[in-house]
Amino acid sequence: MANDRLRSLEEVEKEIGVVLQCAGNIILELSKEKHNASLLDRQLSQFTGCVSRVESELSGQIRYLTQVATGQPHEGSTYSARKDCQMALNRVEYARLKLGELGQTCERLLDPQT
Amino acid sequence: MSSQRVLPQSKETLLQSYNKRLKDDIRSILDNFTEIIKTAKVEDETQVSRATQAEQEHYEMHVRAANIVRAGESLMKLVSDLKQFLILNDFPSVNEAINHRNQQLHALQEECDKKLTNLRDEIAIDLYELEEEYYSSSTSLWDSSDMPLCEAFQRQDSLVSPEGISGSMGTARVGDSSGVGSQGSTPERLNGHGAGTSEHA
């Protein structure tokens, strides 16, 4: 859910770039002696579409934040779960270490040269 | 109490400022773009000379284009501020992210513990067989007071079943004179695994 909203905001950033790109292309096309009408129409519709999409998306995000935000800091944490998991990984690592030592001891005893 | 009143106000004020910035920037882009298109129209009648008029329109277009770029930049800053506000204040998604991460970590921890438990069970089985082999061989150097794991399991099984009580006399190890007679009174040392003291030297 959080990633969806952040991803949509990143899309909005790209749309803002497209808005400026389209505005520049329209003015560039108008500066020529012979205009390409279809290109102008396409660029203009893309420009207006992007501007309205940017506005509606950002308005929606601000409206959602108005409903959801409390002004208080969030006090949740994953620390306890991370600590438990870290201790479990330490247990596994310790067991692996001890089994390695046991294996070395067995190899040393079974080695015919010693 | 007054500080609690201040916080929601600042949040409201902040979100209203975001709205205002959004409206102003979109308005700026549309107005300046419209004015550039209007200025591009060639007019026959001018109040000043054509060169002056052209120079003036040229400068005006530059300024309006710069205004469009500035409004775009301001919109990008607004999006960045909204992202930051979302990460810090969107509690439903923060809670979901925390729960998801906790579940992942719990699952990993349980998997580690489960594998360690399986490993322990497998090693216990191998240890049982090895001890049985070792303590039953004539070349072993075990102490009579030691109780190997296999013997301890046999004793435990015999104590559980009623017909095993008399059978436990027969399964008592030769030389383990201290084990059967005094098993109720003195604790046996499990071949180095237990912490109890041995009174049978």
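A residue counts as buried when its relative accessible area is under 20%. Keep that cut-off in mind for the first close-up of this predicted model.

**View 1. B:Ile68, a buried residue in helix α2 of chain B.** Here we zoom in on B:Ile68, which sits in helix α2 of chain B. Its relative accessible area is 6%, so B:Ile68 is buried. Who does B:Ile68 touch, once its neighbours within four places in sequence are left aside? One partner comes from chain A, namely A:Leu20. From chain B come B:Ile29, B:Asn32, B:Phe33 and B:Ile36. Look for B:Arg27 too: it is 41 residues away from B:Ile68 along the chain, yet the two C-alpha atoms are separated by 9.9 Å.

**View 2. A:Arg42, an exposed residue in helix α2 of chain A.** Now hop over to chain A, where A:Arg42 is part of helix α2. Is A:Arg42 buried or exposed? With a relative accessible area of 51%, A:Arg42 is exposed. Along the chain, A:Arg42 and A:Cys22 are 20 residues apart, and 9.3 Å separates their C-alpha atoms.

**View 3. Helix α2 of chain A against helix α2 of chain B.** In this view, residues 37–68 of chain A form one helix and residues 50–89 of chain B form the other. The axes are 11 Å apart, and the packing angle is about 30°. That angle is under the 35 degrees used as the limit, so α2(A) and α2(B) run roughly parallel to each other. Their crossing is left-handed. On the α2(A) side, the contact is made by A:Val54, A:Leu58, A:Gln61, A:Ile62, A:Tyr64, A:Leu65 and A:Val68. Facing them from α2(B) are B:Leu75, B:Leu78, B:Val79, B:Leu82, B:Phe85, B:Leu86 and B:Asn89. What classes of residue meet here? The tally for this contact is 12 nonpolar and two polar residues, with no charged ones.

**View 4. Helix α3 of chain A against helix α3 of chain B.** The next pair joins residues 79–110 of chain A with residues 91–136 of chain B. Their axes come within 9 Å and cross at roughly 25°. α3(A) and α3(B) are therefore roughly parallel to each other, and this crossing is left-handed. Among the α3(A) residues making the contact are A:Arg82, A:Asp84, A:Cys85, A:Leu89, A:Arg91 and A:Leu99. The α3(B) residues include B:Asn102, B:His106, B:Gln109, B:Cys112, B:Asp113 and B:Ile123. By class, the contact between α3(A) and α3(B) counts 13 nonpolar, three polar and four charged residues.

**View 5. Chain A, built from three helices.** Step back for a moment to take in chain A. Of the 114 residues in chain A, 25% are buried. The accessible surface of chain A is about 7,700 Å², and carbon and sulfur atoms hold 54% of that. Among the contacts in chain A with a separation of 6 or more, 64% link residues 24 or more positions apart.

**View 6. Chain B, with six helices and two strands.** Reading along chain B, the order is α-α-α-β-α-α-α-β. Buried residues account for 29% of the 201 residues in chain B. The accessible surface of chain B is about 13,400 Å², with 56% belonging to carbon and sulfur atoms. Of the contacts in chain B with a separation of 6 or more, 62% are between residues 24 or more positions apart.

How values were computed
Residues numbered from 1 in each chain as written. Chains lettered and ligands numbered in written order. Predicted model: local features only at pLDDT ≥ 70, side-chain atom pairs only at ≥ 80, totals over all residues. Heavy atoms only, no water. Helix = DSSP H or I, 4+ residues; strand = E, 2+ residues; numbered from the N terminus. Buried < 20%, exposed > 50% of the residue type's maximum accessible area, 1.4 Å probe, protein only. Contact = heavy atoms within 4.5 Å. Areas by Shrake-Rupley, 256 points an atom, 1.4 Å probe, with all protein chains shown as cover. Axes fitted to C-alpha atoms, helices over the stretch in contact; angles between N-to-C directions. Parallel < 35°, antiparallel > 145°, perpendicular 65-115°, else oblique. Left-handed = near helix turned anticlockwise from the far one by under 90°. Nonpolar A, V, L, I, M, F, W, Y, C, P; charged D, E, K, R; others polar.
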